[in-house]
Amino acid sequence: MADQTKKRYVTTEDLKKHNQPGDLWISIQGKVYDVSNWVKTHPGGEAAILNLAGQDVTDAFIAYHPGTAWHHLEKLHNGYHVKDFHVSEVSRDYRRLAADFSKRGLFDKKGHVTLYTLTCVGVMLAAVLYGVVACTSVWAHLISAVLLGLLWIQSAYVGHDSGHYNVTSTKPCNKLIQLLSGNCLTGISIAWWKWTHNAHHMACNSLDHDPDLQHIPIFAVSTKFFNSMTSRFYGRELTFDPLARFLISYQHWTFYPVMCVGRINLFIQTFLLLFSKRHVPDRAMNIAGILVFWTWFPLLVSFLPNWQERFIFVFVSFAVTAIQHVQFCLNHFAADVYTGPPNGNDWFEKQTAGTLDISCRSYMDWFFGGLQFQLEHHLFPRLPRCHLRTVSPVVKELCKKHDLPYRSLSWWEANVWTIRTLKNAAIQARDVTNPVLKNLLWEAVNTHG
């Protein structure tokens, strides 16, 4: 009883006031933590905390952190508790499910998927080197380009898994695999991936907070982008100007061609981040890894006999990776969207609303990298991909119990849904009765207050 009287309380409304840089509070299971100074050292990046500051983040914390992380919380506890703390039935069931998975050791049983995938990547890399260096046939070079694209796809899956720390049980090994499979082999910085991907998970399908939906002026999945909203992730205006109107008007036709060269944008984004003034964890190692890629890849291309073959080789290898770029879009473009920051109290609901699964036979799991179970991955990002198919029926039942969507489409259906979403926005972008902003400068000034 004595300990109870010493407790200090704040209300949910009081907690919401502490959501600005320099004054960041969060609550986990009713206890309040001041993360104002710690946010810059958060392994998951600043965006994850900034998006959820001033809220209860228990479900997100459970999803992203192992049991050992709970021991580090106490030093951030500011002595307050949330007086009107409440847990929804959906959250209760979600937490029970996470606890059950933990008790069964599913988060710790990594399986051998990474070993098999890296072995496959090694074999494909050897075949590519042989096909380019030792063979003179144009067809051998073309096949090598296809293999290189498939190699990049599989390597990216390993980079993704290691980025979620579900490849090995030790942090140094995970980091090594991240750098090898991401920076060195694909030329895409794991630091850039973490920066955007963690924000995507936290604010799944928020038009102004999720960077994975912010593709103005090329694509717009919602007509809400036509109001030139501000990206809270990039801190800049997503302007719907005449160029954006023109490009978006034909986005259902340009979607697949753009995906064929989408890899170029990932290279650009990597360089923009690594050589920016932003705080980038392990910047030197990330740059070193990128230099490894930009050494071996141009050297490999230089072995081809002429510039025509070199261009075709590069284009084909990039175009093959479009399969993966398309898949990522299928998982979210046609799902529900919203504006504003995520709400920590409806974690489960937001993930179900913002994701689409892709149904396939079990022998195709390697091809999709486990990410066809997108909802399962979003709910349990630390769960190794070898368990995603196993837990899928349980997640489906939980969605049914709480009358939440569980959408699992075939590859063809998912493409149809995505193109339909892009087409609907394209048709409305052409509408002459919906003029673009007449004075973009005036609008920008007023948007920022």
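Predicted model: local features only at pLDDT ≥ 70, side-chain atom pairs only at ≥ 80, totals over all residues.

Modeller: Start at His 77. As for the setting, His 77 belongs to strand E5, which covers residues 77-82.

Next, the loop between helix H9 (190-202) and strand E6 (230-231). Pro 217 sits in this loop. The peptide bond that joins Ile 216 to Pro 217 is cis, with omega at about 10 degrees. Asn 205 is placed in the loop between H9 and E6 too. Its backbone stands out: Asn 205 has a positive phi of about 65 degrees, yet is not a glycine. Asn 205 counts as buried because its relative accessibility is 0%, and the cut-off for buried is under 20%.

Asp 403 also has a positive phi without being a glycine; the value is near 55 degrees. Asp 403 lies in the loop between helix H19 (388-401) and strand E9 (408-409). Asp 403 has 70% relative accessibility, and exposed means over 50%, so Asp 403 counts as exposed.

Now the annotated segments. The unreviewed UniProt entry lists several stretches as "transmembrane region", among them residues 253-275 and 311-330. In the model, residues 253-275 are 91% helix and 0% strand. The end C-alpha atoms of that stretch are 34 Å apart. Residues 311-330 are 95% helix and 0% strand, with the end C-alpha atoms 29 Å apart.

A nonpolar surface patch comes next. Its area is about 660 Å², and its members are Val 261, Ile 264, Ile 268, Leu 272, Phe 311, Ile 312 and Phe 315. Helix H12 (262-274) and helix H14 (307-320) are the elements that give two or more residues to the patch. Take Ile 268, which is found in helix H12. Its relative accessible area is 44%; that falls between the cut-offs of 20% and 50%, so Ile 268 is partly exposed.

Finish with helix H15, residues 322-330. This helix is mostly covered, with seven of its nine residues buried. They are Ala 322, Gln 324, His 325, Val 326, Gln 327, Cys 329 and Leu 330.

Technical notes
Residues numbered from 1 in each chain as written. Heavy atoms only, no water. UniProt positions renumbered as here; feature names shortened; annotations may be inferred. Helix = DSSP H or I, 4+ residues; strand = E, 2+ residues; numbered from the N terminus. Patch = residues over 30% accessible without salt bridge, like charges linked within 9 Å, V, L, I, M, F, W, Y side chains within 5 Å. Areas by Shrake-Rupley, 256 points an atom, 1.4 Å probe, with all protein chains shown as cover. Salt bridge = Lys/Arg side-chain N within 4 Å of Asp/Glu carboxyl O. Buried < 20%, exposed > 50% of the residue type's maximum accessible area, 1.4 Å probe, protein only.
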